Amino acid sequence: MSYALSSALQSAVFQHLTSDAALGAIVGTDIFDAIPRGAVPPLYVALGPETVRDASAGGVHGAWHDFTVTVVSERTGFAQAKDAAGAVSDALVDADLVLGRGQLIGIFFRRAKAARVGTGNTRRIDLTFSARVSDE
């Protein structure tokens with residue numbers, strides 16, 4: 001197993017999301033690798049946690065990366081959050097990402113969870129994707 005491709009995958013996912021026109025039309029440039037300090041925009045996308053498991057075979061190092069992309073909205077209702085989450089999913093599923101190291105074998109949608117946060121207007125959607133990478 002190797003965790004060596006984690007940074008390359010994260011960079012490629014971030015670059016792909018920030019350059020996606022459909023997602024940009026909904027959230028603008030409010031796509032973050034790390035949530036900024038202070039006030040945050042009323043609707044944004046952020047890269048989240050990741051778990052990795054071995055997928056090495058035949059002497060080639062590889063891994064499955066399960067990672068979360070989160071959409072947060074302070075706007076009333078789920079509509080805009082779901083629109084943004086749909087655009088994230090459309091952008092990533094079957095994407096042909098170019099990694100700085102290794103290669104992406106495939107990227108797949110696994111699950112999503114939409115929830116209200118607290119008693120206010122905040123809505124949060126966590127989308128989990130699986131990416132298979134190889135370090136050939």
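Which residues does D20 touch, not counting residues up to four places away in sequence? D20 touches A87 and A91, where contact means heavy atoms within 4.5 Å. The model is predicted: local features need pLDDT of at least 70, side-chain atom pairs count only at pLDDT 80 or more, and totals for chains, interfaces and linings use all residues. Residues are numbered from 1 along each chain as its sequence is written, and side-chain values use heavy atoms, with hydrogens and water left out.

**Overall fold**
- The protein chain has 3 helices and 5 strands, arranged along the sequence as α-α-β-β-β-α-β-β; helices (H or I, at least four residues) and strands (E, at least two) are DSSP runs, numbered from the N terminus.
- The radius of gyration of the protein chain is 15 Å, close to the 14 Å given by the globule rule for 136 residues, so the chain is as compact as a globular protein of that length. The radius is taken over C-alpha atoms, and the rule is 2.2 Å times the number of residues to the power 0.38.
- Of the 136 residues, 41% count as buried (buried is under 20% relative accessible area, exposed over 50%, partly exposed in between, with a 1.4 Å probe and protein chains only).
- Among contacts between residues at least 6 apart in sequence, 63% join residues at least 24 apart.

- D20 is found in the loop between α1 (6-18) and α2 (21-27).
- D20 is buried yet has no salt bridge, and the nearest side chain of opposite charge, R75, is 16 Å away. Lys and Arg count as positive and Asp and Glu as negative; His and the chain ends are not counted.
- A polar atom of the D20 side chain lies 3.3 Å from the backbone nitrogen of A22.

**Surroundings of L9**
- L9, in helix α1, is buried, with a relative accessible area of 1%.
- L9 touches H65, L97, L99, L104, A131 and V133, not counting residues up to four places away in sequence.

**Salt bridges**
- The structure holds 3 salt bridges, each a side-chain nitrogen of Lys or Arg within 4 Å of a carboxyl oxygen of Asp or Glu.
- D66 and R53 meet in a salt bridge (2.9 Å, N to O). D66 lies in strand β3 (residues 62-73) and R53 in strand β2 (residues 43-54), so the pair ties together parts 13 residues apart in sequence.
- D66 counts as buried at 12% relative accessibility, whereas R53 is partly exposed at 39%.
- D135 forms a salt bridge with R101, the closest N and O atoms being 2.6 Å apart.
- In a further salt bridge, the closest N and O atoms of D126 and R124 are 3.0 Å apart.

Terms used. A polar contact is a pair of N or O atoms within 3.5 Å; within protein, one must be able to donate a hydrogen and the other to accept it, and residues adjacent in sequence count only if both atoms are side-chain atoms.
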